[in-house]
Amino acid sequence: MTSPWSEGQVASVAPDAGSLAAAGKLSAAWSEAGSNGGALWGLCQGSGKSPYRSVVDLSGPAYNCSCPSRKFPCKHTLGLLLIWSRGRVPEQSEPPPFAAEWLSRRAGRAAAPAAPATKTAGVKATERRAERVTAGLDELDLWLTDQIRGGLGAADISASAFDAIAARMVDAQAPGVASALRRLPIVVATRADWPDRLLREYARLHLLVVAHRRLSELPEPLQASVRAHVGYPVATDSVRSEPGVRDRWMVLGMQTTEEKRLFTRKVWLIGRDHGRRAILLDFAHGSANFSTVVPPLGSLVDATLHFYPGAATLRAQFGDAHETPEPFTTVAPSDIDTALDHFAAAVGADPWVRSWPALLTGVTPAFDDGHWFVVDAQGRALPLSGEDPVLWRLLGMSGGRPVTVFGEWNSESLVPVSVFDRGDVYPLGAGTPSAVGSRR
């Protein structure tokens, strides 16, 4: 008997945010939905006369739907999983004929003895995905070549043009590349130097295509980075099996964002003893009810983290906590040179890294002639960027005096996330101090 998934688990199997958002709108379209503990099924009324028939084999999981969508799983299957996660799918003893037939075929294939020379279903699925990704990236490379050959002045740089090639990457099961492409219209619309920026992004994408073609020639950590940037999924269990990194982790930043009802929570940590950076990512659909519990902002916790594989590992999963979180009241000095060195090392290992956590102690926020900076005691400055309310809040919190700023450096500017001042961490998004208990 399989327990209902959380909405975060449903979000983790979605091919993209748009599919998940569309699935959430189908909650009232279902009929004859049911579950027997090992499978889900239901009818979803679409625009046509006949409803779409969706089935989920939870033992895989594996998905089947009668709709013509090329996305996998489709929005109907995701919608079925969502209503199941909300307790709206009743238990039934027997599936209807359409579901029973598909489940029976799957069971028959699983029971059939495999020939010694045949590959496992998992290997075949991996190879099929790699073939689809390779074909999609080859198509992307042709598209990039056409953009450069014709010149940016003659190229179609509209949002619809970028969305079209991004949709092709989703079909090719390369959602990471699709996300990168969908960010490009913002570059064109908001930056005066957009031709330079666009060419840089095209070069970054071309490098990723070439790296994927030569994947087997790369060191294993870099192979993992290439797969991550393309958008290959990484199983949670495989991350948990990675050797843990134990440290006393300081929680220096926490943000929750929402796009089309998909909530994303980012938690930034720095190891107090070894200085390693980490980020925890969680997703939830419909509301910010995340399935995992993380230490509060401003806390110090002796814990083990398990990092995703890669050449410049940053994303991690929270493992075992060895002590109760408690507040921290000091941080080790960290200057501009240290922050830039950390970013340079990350990009040197993984050239597709776009930003890296940065901690700057003893810097003063400043606003001059329409530009934002943080300035250290030696008069050296780094530019700041971000939303105006965040930057003004940072300036107001500092009161014109040095503070400790935590954020992300993206090779051009520091995007501030929080301020550490007088023993408290202040999230710039919310503007309220942390509260994790009395200080010792």
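Colleague: In which strand is Thr404 found, and is Thr404 buried or exposed?
Modeller: In this predicted model, Thr404 is found in strand β14. The relative accessible area of Thr404 is 9%. Burial requires a value under 20%, so Thr404, in strand β14, is buried.

Colleague: Leaving aside neighbours within four places in sequence, with which residues is Thr404 in contact?
Modeller: One group of partners, all listed among the contacts of Thr404, includes Leu359, Leu360, Thr361 and Gly362. Contacts with Thr404 are also made by Val331, Ser418, Val419 and Phe420. Leu360 in turn has Thr404 in its own list of contacts, together with Val403 and Val405. The residues in contact with Thr404 are therefore Val331, Leu359, Leu360, Thr361, Gly362, Ser418, Val419 and Phe420.

Colleague: Which residues touch the most other members of the largest nonpolar core?
Modeller: In soluble globular proteins, nonpolar side chains tend to be buried together. Here the largest nonpolar core has 51 residues. Leu360, one of its most connected members, is in contact with Ile336, Ala339, Val374, Leu382 and Leu414, among others. The residues that touch the most other members are Trp249, Phe328 and Leu360.

Colleague: How many residues does helix α12 have, and what span does it reach?
Modeller: Helix α12 covers residues 336-349, which gives 14 residues. At 1.5 Å a residue, a span of 20 Å is expected, and the helix comes close to that value. From first C-alpha to last, the 14 residues of α12 reach 20 Å.

Colleague: Why do the buried residues of α12 lie on the same side of the helix, and which residues are exposed on the other side?
Modeller: The buried residues of α12 are Ile336, Ala339, Phe343 and Ala346. They lie on the same side of α12 because they cover an arc of only 100 degrees around the axis. The exposed residues on the other side are Asp341, Ala345 and Gly348.

Colleague: Against which elements do the buried residues of α12 pack?
Modeller: Ile336 and Ala339, two of the buried residues, are both in contact with Leu360. Leu360 also contacts Leu382, Val403, Thr404 and Val405. The elements against which the buried residues of α12 pack are β11 (356-368), β13 (381-383) and β14 (403-409).

Colleague: At the start of α12, to within what distance does a side-chain oxygen of Asp335 reach the backbone nitrogen of Asp337?
Modeller: Asp335 is also in contact with Leu360. At the start of α12, the side-chain oxygen of Asp335 reaches the backbone nitrogen of Asp337 to within 3.4 Å.

Colleague: What kind of aromatic pair do Trp143 and Tyr202 form?
Modeller: The structure holds nine aromatic pairs. The ring centres of Trp143 and Tyr202 are 5.7 Å apart. Their planes stand at 80 degrees, and an angle over 60 degrees counts as edge-to-face. The pair is therefore edge-to-face.

Colleague: How many residues apart in sequence are the parts that this pair ties together, and which residues form one aromatic cluster with Phe162?
Modeller: Trp143 lies in helix α5 (residues 121-150) and Tyr202 in helix α9 (residues 194-213), so the pair ties together parts that are 59 residues apart in sequence. Trp143 is buried at 16% relative accessible area, and Tyr202 is buried at 3%. The residues in one cluster with Phe162 are Trp143 and Tyr202.

Colleague: Where does Arg422 lie, and where is the place of Gln173?
Modeller: Most residues other than glycine have a negative phi. Arg422 has a positive phi near 55 degrees, and Gln173 has a positive phi of about 60 degrees. Arg422 is exposed, with a relative accessible area of 64%, whereas Gln173 is buried at 17%. Arg422 lies in the loop between β15 (414-421) and β16 (424-427), and Gln173 in the loop between α6 (159-171) and α7 (175-182).

Colleague: What is the length of the polar contact that joins the side chains of Thr304 and His322?
Modeller: Thr304 is placed in strand β8 (residues 299-307) and is buried at 13% relative accessibility. Gly244, Val245, Arg246, Gln317 and His322 are among the residues that Thr304 touches. The polar contact between the side chains of Thr304 and His322 has a length of 2.8 Å.

Terms used
Residues are numbered from 1 along each chain as its sequence is written. This is a predicted model: local features need pLDDT of at least 70, side-chain atom pairs count only at pLDDT 80 or more; totals for chains, interfaces and linings use all residues. Side-chain values use heavy atoms; hydrogens and water are left out. Helices (H or I, at least four residues) and strands (E, at least two) are DSSP runs, numbered from the N terminus. The expected span of a helix is 1.5 Å times one less than its number of residues. Buried means under 20% relative accessible area, exposed over 50%, partly exposed in between (1.4 Å probe, protein chains only). The arc is that of the directions from the helix axis to the C-beta atoms. Contact means heavy atoms within 4.5 Å. A polar contact is a pair of N or O atoms within 3.5 Å; within protein, one must be able to donate a hydrogen and the other to accept it, and residues adjacent in sequence count only if both atoms are side-chain atoms. A nonpolar core is a set of buried Ala, Val, Leu, Ile, Met, Phe, Trp, Tyr and Cys residues joined through side-chain atoms within 4.5 Å. Rings of Phe, Tyr and Trp (its six-membered ring) pair if their centres lie within 6.5 Å; planes under 30 degrees apart count as stacked, over 60 as edge-to-face and the rest as tilted.
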